[in-house]
Every structure is written in C-alpha cells, then in structure tokens.
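Please look at the chain on the screen while I talk, and keep the sequence beside it.

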Amino acid sequence: MTEQALESFAGIDPAFAGQQLNDKLGLEISELGPERVVGSIPVEGNLQPYGLLHGGANAVVAEALGSLVAALNAGTDKAALGLELSCTHHRAVRSGRVTGVATPVHVGRGTITAEIVLTDDQGRRSCTARLTCIVRERPPGT
C-alpha cells in the first residue's frame, strides 16, 4: 500500500499529513495486512536520558501497528480508535532498530484487540504490548 493510499485509508486530513508522530520516530512499515502488520524504528534519535530506547517510543510503535491492524479489520466504512494500550518493557535496547509485529487476537463488531511484540536486531523480545480499539462508524466526509 502506498503512503498516499495508507493516509487516505486511515482518514488522515492532508493538513495534518506532515505532522504524524510515526514520521518523527522514523517508523517504516514493511508488511501490511489484516492478519499481520510489521514496522520498525531506529533506536538512534528515540532515546531517553540514559541512552536507552525511550519506553514511549515502544508505546508509539505499538499503538501505530496495532491501530493499523484494527483499521484493516474494521473496514473502510468504520473508524478504529484506541481505547486501551498496555506495554511491558522486558529488555533495554541501546542501538540498531526495534521491529514490531502486530497481530489481531480479537476482532469483534465493537472492539478489536491486537498483540504487538517488539524485538531488537538479535530477535530478543524487548516489549510486549496489547492495544484495544473501539470500532465506530466513520464520520461523514472522512
């Protein structure tokens, strides 16, 4: 899916397209489908004061990938909106890239829940997250 198609699908207003937090973190999506979304960010530029990947960066990646899984499962006439995000940080990451894989664990009419597993370059789990999105009708004109 092209970036323009992704923005259109996600209902991003063109006025806000250049202001996405995902872009600021350097998030790159490498796989996109209703059963699996994969993306990664560089550790460099996303650090906390101790030189480790910021836990908030993990949360942003988890929310972004989980939201894409939810949106792809909700369909184009619905909006999937984040309701709850939980992250467990297992391991500090100091360099390289962190890759997240989001998979749906529940797809219902009213909610969609995804599990997101983040790993370092050596394939070691650094964070496990769960995102639940509420599914609503997409507002007219979006």
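I will go through the elements of the chain, then the sheet, then the core, and finally the cysteines.

First, a word on how to read it: this is a predicted model, in which local features need pLDDT of at least 70 and side-chain atom pairs count only at pLDDT 80 or more, while totals for chains, interfaces and linings use all residues. Residues are numbered from 1 along each chain as its sequence is written, and side-chain values use heavy atoms, with hydrogens and water left out.

The chain has three helices and six strands, where helices (H or I, at least four residues) and strands (E, at least two) are DSSP runs numbered from the N terminus. Read from the N terminus on, the order of these elements is α-α-β-β-α-β-β-β-β. Of the 142 residues, 37% count as buried; here buried means under 20% relative accessible area, exposed means over 50%, and partly exposed lies in between, with a 1.4 Å probe and protein chains only.

Now to the sheet, which is open and is formed by six strands in the order E1-E2-E4-E5-E6-E3, with antiparallel pairing; two strands pair if DSSP finds at least two bridges between them. At the edges are E1 (28-33) and E3 (78-89), each of which pairs on one side only. From one strand to the next, the twist averages 20 degrees.

How many bridges pair E1 with E2? There are five, in the antiparallel sense, and a hairpin of two residues joins E1 to E2. Along this pair, Gly33 stands opposite Arg36 in E2, and Ile29 has Gly39 in E2 as its bridge partner. Gly39 also stands opposite Gly100 in E4, and E2 and E4 run antiparallel, joined by six bridges. Strand E2 is mostly covered, with five of its seven residues buried.

Let me turn to what is packed inside. The largest nonpolar core has 28 residues, and those with the most contacts inside it are Ile41, Leu53, Val98 and Ile116; such a core is a set of buried Ala, Val, Leu, Ile, Met, Phe, Trp, Tyr and Cys residues joined through side-chain atoms within 4.5 Å. Two or more residues come from each of E2 (36-42), H3 (55-74), E4 (97-107), E5 (111-119) and E6 (125-137), and the largest share, nine residues, comes from H3. If we take Val98 and leave aside its neighbours within four places in sequence, the residues in contact with Val98 include Ile41, Leu53, Asn58 and Leu118, where contact means heavy atoms within 4.5 Å.

Finally, the cysteines. A disulfide is a covalent bond between the sulfur atoms of two cysteines, and the search used here asks for a pair of cysteine sulfur atoms within 2.5 Å. Over the whole structure that search finds zero disulfides. Cys87 is in no disulfide, and its nearest cysteine sulfur, that of Cys127, is 4.6 Å away. Is Cys87 buried or partly exposed? Cys87 counts as partly exposed because its relative accessibility is 25%, whereas Cys133 counts as buried because its relative accessibility is 1%.

Methods:
Axes are lines fitted to C-alpha atoms, for helices over the stretch in contact, and angles run from 0 to 180 degrees between N-to-C directions.
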